[in-house]
Amino acid sequence: MSRPILEMRGITKTFPGVVALDNVDLDVARGEVHAVVGENGAGKSTLMKILSGAYQRDAGSIYLNGRPADISAPVDAIRQGIGIVYQDLPLVPALTVLANIYLGREETTPLGRIDRASHLARFERLCDSFGIYLPPDSRIRDLSVAERQLVEILKVLDRDAQVIVMDEPTATLDQNAKQALFQTVRQLQAAGKSFIFITHFIDEIFEIADRVTVLKDGSRVDTLEIDKTSPQEVVAMMIGHSPREMFPEKTGPASGAPILQLREISVGARIRDFSMSIHPGEILGLTGLVGSGCSDIGNLIIGNLDYDRGAVLLDGAPTRISSPYEAIKRGICLLPSDRKGSGLLLDFELAKNVSLSSIEKISPRQVIQFKRERQIAADFIEKLRIVTPSARQRVRNLSGGNQQKVVLARMLRTDARILILDEPTQGIDVRAKEEIFLLMRQLADQGKAILFISSEFKEIAGVADRGIVLRNGAITAALDRDDISEARLVAAATML
Ligand SMILES: Nc1ncnc2c1ncn2[C@@H]1O[C@H](COP(=O)(O)OP(=O)(O)OP(=O)(O)O)[C@@H](O)[C@H]1O
Ligand SMILES: [Mg+2]
């Protein structure tokens, strides 16, 4: 067997109070899709940042095509054929696809102008050779998340990437877009490209990967061939014991008067005649493909989006909530799907972020009680398994999934009677998902009403007492507890 295209040997990396990676090995063969999995904070992104030159390793070596690679800055990695497809896609929204791909590397004509013809020719050659299609003159802001991802892929291919790293590429994709991405990955794989693929969706690796490396607490547990393992075995390695049942027992729907009702709401052509009601004590699922309008519903309830027709009733009385601030005052709180819009203060400590919106509750006399603040944070660290050296860690230094848990913890601290959770498990590992679902159920049992918005049909089917499915802004199914199943939700969302 020929030597792997990439070998990482004995990679070790520590941060103050954290051993992020401890003597980790990873090798990737030419044309292989190699999955890397592990719980939040296991070290996946750190390993990739070392490969990409964004972080310096404390110990270990990297070989490319059998030769020691010198990677001490991102340019070194790019030059040696490592391509990173970023999660939060650093593209320029106002520029075209073509301009973004050649940004900073423009070819110029003898007169010093940008040589568009040359870029276009290169772009077309690239697209043809890999069977990818994208309109070169579309502006990034007009593209879907999936299309933006393709731009990122083309960008690394243009720089002749041999090993392409994707860190949670499917977190924000719906089923269709995910399949399209997998198709592209397979085409590139056939052309000899290698992939490192990080995901929290264990089913996905059985669809796309050849091998999987499991990380736990910064160490490599094992590397397995996909054909010789099972999702159960992989999850057991990740969490260190056999997986439990993922979903808590359903106790809703509750009887009694609805706390919130939406009646025949329309928002231009985006939402048409949407009606729903939610009772204290129940978890109502709202699902559909990305772009189906589910997030719009959350936003219009809290006054972030105007509706032209219909009515909202709170405790049976017609209301018009005009701002998120007013929504909070009236006991309605939204966890937005966009982590960046969630208002995390990255340079503040974890404890401060958790108590942010409820400072009054902590300090009745305006004196912030630091001790109490840290105690509350410590409770959440335990309950949600936030991986951090202490409650004083800056949020910026937490892994992606652990940042998401902080946002969630903050929202759970509020006194809201109605919680709207938009994609609350995005980027969250399996075990923490279990905890979050359990917490949602406990909150419902305490009498809160929970609107659970998610494009993960399995999670909606497993958690929600009732489910509503949207497609292109209109309801295609309303399912009761006895009717709700993944298959029905998929069918209604996609009109199979
Ligand atoms: N710049 C940093 N400073 C301090 N600690 C850091 C830094 N970057 C990462 N860490 C810590 O290193 C550990 C590994 O983080 P990493 O981001 O690699 O996790 P991950 O496996 O990608 O998790 P997730 O699934 O949540 O994205 C975590 O404990 C994290 O808090
Ligand atoms: Mg990560």
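Begin by selecting domain 1 and domain 2, whose C-alpha centres lie 30 Å apart. Domain 1 spans 6–239 and domain 2 spans 260–494, with bounds that come from an automatic or database domain assignment. This is a predicted model, in which local features need pLDDT of at least 70 and side-chain atom pairs count only at pLDDT 80 or more, while totals for chains, interfaces and linings use all residues. Residues are numbered from 1 along each chain as its sequence is written, and chains are lettered from A and ligands numbered from 1 in the order in which they are written.

**The domain contact**

Next, display the boundary, where 17 residues of domain 1 are in contact with 17 residues of domain 2 (contact: C-beta atoms, placed from the backbone, within 7 Å). On the side of domain 1, helix H6 (175–190) and helix H8 (231–239) are the elements that give two or more residues; helices are DSSP runs of H or I with at least four residues, strands are runs of E with at least two, and both are numbered from the N terminus. H8 gives the most to this side, with three residues.

**Ligand 1**

Select ligand 1 and the 19 residues around it; Asn 40, Ser 45, Thr 46, Ser 399 and Gly 401 come nearest (near: C-beta atom, placed from the backbone, within 6 Å). Strand E2 (18–28), helix H1 (44–51) and helix H14 (400–412) each give two or more residues to this shell. Domain 1 and domain 2 each supply at least three of the shell residues.

**Strands E6 and E7**

Move to strand E6 (residues 82–85), where Ile 82 and Ile 84 on one side and Gly 83 and Val 85 on the other are all buried (buried: 20 or more other C-beta atoms, placed from the backbone, within 10 Å of the residue's own). E6 runs parallel to strand E7 (residues 163–167), joined by four bridges; strands pair if DSSP finds at least two bridges between them. Opposite Gly 83, pick out Ile 164 in E7.

**The six-stranded sheet**

Finally, colour the open sheet with the order E16-E17-E18-E13-E19-E20 and mixed pairing. Its edge strands are E16 (332–335) and E20 (474–479), each pairing on one side only. Strand E19 (residues 466–471) and E20 are antiparallel over five bridges, and Ala 474 in E20 is the bridge partner of Arg 471.

How values were computed
A residue is buried if 20 or more other C-beta atoms lie within 10 Å of its own, exposed if 12 or fewer, and partly exposed in between; C-beta atoms are placed from the backbone. Two residues are in contact if their C-beta atoms, placed from the backbone, lie within 7 Å.
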